[in-house]
Amino acid sequence: MRWDAVVVGAGPAGSATALLLARAGARVLLLDRARFPRDKPCSEYLSPETTRVLERLGGGVVEGVAAASHARLTGMKVVAPSGAEMVGRFDRTGERFSFALPRASFDTILRRAAEDAGAVVREGVKVQDLVYDRGAVGGVVAKETYRARVVVGADGLRSIVARRCGGVRTSPPRRVAFTAHVADVAGVTDLGEMHVGNSGYVGMGPIGGGVTTVALVVPVRTLKQRLAPHPDFFAALDRFPGLTGRFDPRRIVRRIIATGPFAQWSRTSVAPGGGALLVGDAADFFDPFTGQGIYSALRGAELAAACLIPALARGVSGPIPRAALQGYARARRGAFAGKWLLERLIAVGVGWPALAERVIGRLARHSELADLLVRATGNCIPARAALAPGVLAQLLW
């Protein structure tokens, strides 16, 4: 049997793509190496604009997320190495917020929605390679060979599809994250928090039930083993001025999970010979400080489906040619170019303590600038609003 689409990876990007394609009448096979529900290292909050994408997905997705989300964030607090802090809000009325919930719950909601839309879901299936048809990607190899008119690589940071479709690039700074769920963290409010240190940073926020998701992000060069459990997790947290004394190590309720290194992106979002494209973290992955990963995954799924649905409707039996997929690559650049640049600029600031002190100090004194930056990183306004020369000048002088 030849599928219209084989989607590799049932995280947010893969499940949303599968949902949209299946709803349009495509024969879709959705594969994931894990069995759901499963935990994922993540900031675990959905930027306000993500809610609109969930609404467009339909199928009761946004209602399911709202019911499962027992925490809502109304903005972000950023703390400098000295302990100085700024607060920015998504808006000042409190009406705009972000859902926050564990990835185990969120991903399961989307995976079920894809299945309800008609996608065939197979868990515990590890894709090992791609198969080719006249120079184009024509399917995947797992326990058996699955042939398709298009393969969608949504298999994350270590994507086998991306590696086979031209490889990946990396750039400094190279960082690794260690994430955990901790109960009864002192001082948690309706704000997400980012604490910048002299070597790395911490991101955290409530996810409901008195539990906080906590991510310690450090440079690879500081570690002896990249993805081994962090030997000094809580002591490392305690060294940040805004976190001292807030954690009880006995209240950890989910084991520490490591991920990274970050700052990685594919050389191309469309396979050189056609027949495959990449979405979500398989296409690009930067530091999780802005919390835009899930939004980018879902918005990328919409862009992929908008390209693939008409291409599949043409009825050609072989792999979709590269020319028919190029519209997706252009749409990604148009949708995410500003986001990519903003993330890189923030990465520079996070890795340069003196600069972080200066910018955070400016934001603390100018709440309108703090709000603008938080809204841009929360996808409430275009990233270019924060990249205007006048805004950048105000952040520094």
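In the predicted model, R149 is buried, its relative accessible area being 7%, a value under the 20% limit for burial. This arginine belongs to strand β10, which covers residues 145–153. A polar atom of the R149 side chain lies 3.0 Å from the backbone oxygen of L312. When neighbours within four places in sequence are left aside, the contacts of R149 include R2, W3 and D4, together with G275. Further contacts of R149 are made with A311 and L312, and with G315, V316, S317, G318, P319 and I320.

The largest nonpolar core comprises 54 residues, of which L54, V61, V65, F106 and L277 touch the most other members. Helix α7 (residues 293–313) supplies the largest share of this core, with twelve residues. Not counting residues up to four places away in sequence, V65 touches L46, L54, F99, L101, F106 and I109.

An open sheet is built from seven strands with mixed pairing, arranged in the order β5-β4-β13-β14-β15-β12-β16. Its edges are formed by β5 (85–89) and β16 (252–259), each of which pairs on one side only. On average, and with direction ignored, neighbouring strands in this sheet are turned by 15° against each other. Within the sheet, β14 (residues 201–208) and β15 (residues 211–219) are paired in the antiparallel sense over seven bridges. In this pairing, G208 is placed opposite V211 of β15. Helix α9, formed by residues 353–365, lies across β4 (75–79), β5 and β13 (191–196). The helix runs at about 55° to β5.

Helix α1 extends over residues 12–23 and thus contains twelve residues. The buried positions of α1 are P12, A13, G14, S15, A16, T17, A18, L19, L20, L21 and A22. After α1 comes G25, which has a positive phi near 105°.

Notes: Residues numbered from 1 in each chain as written. Predicted model: local features only at pLDDT ≥ 70, side-chain atom pairs only at ≥ 80, totals over all residues. Heavy atoms only, no water. Pairing = 2+ DSSP bridges. Helix = DSSP H or I, 4+ residues; strand = E, 2+ residues; numbered from the N terminus. Axes fitted to C-alpha atoms, helices over the stretch in contact; angles between N-to-C directions. Contact = heavy atoms within 4.5 Å. Expected span 1.5 Å × (residues − 1). Buried < 20%, exposed > 50% of the residue type's maximum accessible area, 1.4 Å probe, protein only. Core = buried A, V, L, I, M, F, W, Y, C linked by side-chain atoms within 4.5 Å. Polar contact = N/O pair within 3.5 Å; in protein donor to acceptor, adjacent residues only side chain to side chain.
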